[in-house]
Every structure is written in structure tokens, then in C-alpha cells.
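Hello,

Here is the structure I said I would pass on. My notes on it follow below.

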Amino acid sequence: MKQKVIVLAFFLLAFQIYAQETEIEPVVEMKDADMQPSFYAGQDALYEFISQHFKKPSIPDLIGKIFVSFIVEKDGKLSEISTVRDVGFGTGAEAERVMQLSPKWIPGRKDGKVVRVKYYLPIPIHTNQ
């Protein structure tokens with residue numbers, strides 16, 4: 001009986017440690033962050049990066065904005081990249097692909113601590129064909 005109690009206690013302790021290690025930290029909205037995350041080289045460099053990697057569809061005079069959202073993790077990596085709105089013709093999927101290529105960002109902060117932040121990014125598109 002004593003062995004069963006010891007084994008049970010061991011499993012409960014192991015489960016508690018596992019649960020703590022796998023606990024997902026909360027996500028802070030952009031408006032609630034004291035310091036918003038930023039592309040490591042600044043906003044102009046971000047749009048230059050997107051411009052260099054984004055493959056525009058071959059649709060003449062396509063004008064609009066793509067909106068993507070993602071989480072800037074505490075280590076600066078981007079996760080949960082998704083399209084909020086696009087102009088069609090595969091532009092949302094292409095914006096997601098480009099953001100997957102992004103180098104690490106400078107993470108956001110709240111109350112002096114590095115936090116996960118949900119970020120929304122508008123990407124203008126204009127084809128001249």
C-alpha cells in the first residue's frame with residue numbers, strides 16, 4: 001500500500017511539473033503594451049523586407065491593403081501568423097509566407113517585463129501592369 005501511495009505522489013508531482021512547463025503565457029494586445037514590439041531594423045526596413053520578398057499577383061492595377069496578425073513571442077520570433085483581411089488572388093497567403101521568413105523582432109514590454117504581444121500589420125499592395 002505504501003508503494004502505491006509513493007508511486008501516486010510521484011506521478012502527481014511529475015504532472016504538476018509538466019503542467020507548469022507547458023503553461024502558455026498570456027498574450028498582450030498591442031494597445032495594452034507599454035512598449036510595442038518592433039522589427040529589429042525599424043519600420044522602414046520592415047516594409048523594405050516585405051517588398052523584397054513579396055511576390056505580387058499578376059493582376060493589373062490591383063490596389064489595396066492586406067492585414068496580417070501574429071504574436072511576437074518573448075524571444076522575438078513570430079507565431080500564429082494569419083490573414084485578417086486581404087485583396088484576394090492569394091495575397092493573404094503570400095503575406096503569411098513572407099512573415100514566416102521574418103527575422104526576430106524586438107519583443108514588447110508591459111510593466112517592465114518582456115511579454116507576448118498580438119501585432120496587427122497592414123501591408124499595402126499596388127500592382128502596375
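T91 is in helix α3 of this predicted model. With a relative accessible area of 1%, T91 is buried, since the cut-off for that term is under 20%. Leaving aside residues up to four places away in sequence, T91 touches F54, P57, L62, I66, D86 and I125.

Past the end of that helix, S102 sits in the loop that runs between α3 (91-100) and β5 (105-106). S102 is buried as well, at a relative accessible area of 14%. Its side chain makes a polar contact of 3.0 Å with the side chain of W105. Again not counting residues up to four places away in sequence, S102 is in touch with F39, F49 and L78.

F49 brings in helix α2, which covers residues 43-53 and whose buried residues are L46, F49 and I50. Viewed down the axis of α2, these buried residues fall within an arc of 95 degrees, so they line one face of the helix.

What do the buried residues of α2 pack against? Their partners are β2 (38-39), α3, β5 and β7 (113-126).

Regards

How values were computed
Residues numbered from 1 in each chain as written. Predicted model: local features only at pLDDT ≥ 70, side-chain atom pairs only at ≥ 80, totals over all residues. Heavy atoms only, no water. Helix = DSSP H or I, 4+ residues; strand = E, 2+ residues; numbered from the N terminus. Buried < 20%, exposed > 50% of the residue type's maximum accessible area, 1.4 Å probe, protein only. Polar contact = N/O pair within 3.5 Å; in protein donor to acceptor, adjacent residues only side chain to side chain. Contact = heavy atoms within 4.5 Å. Arc of directions from axis to C-beta.
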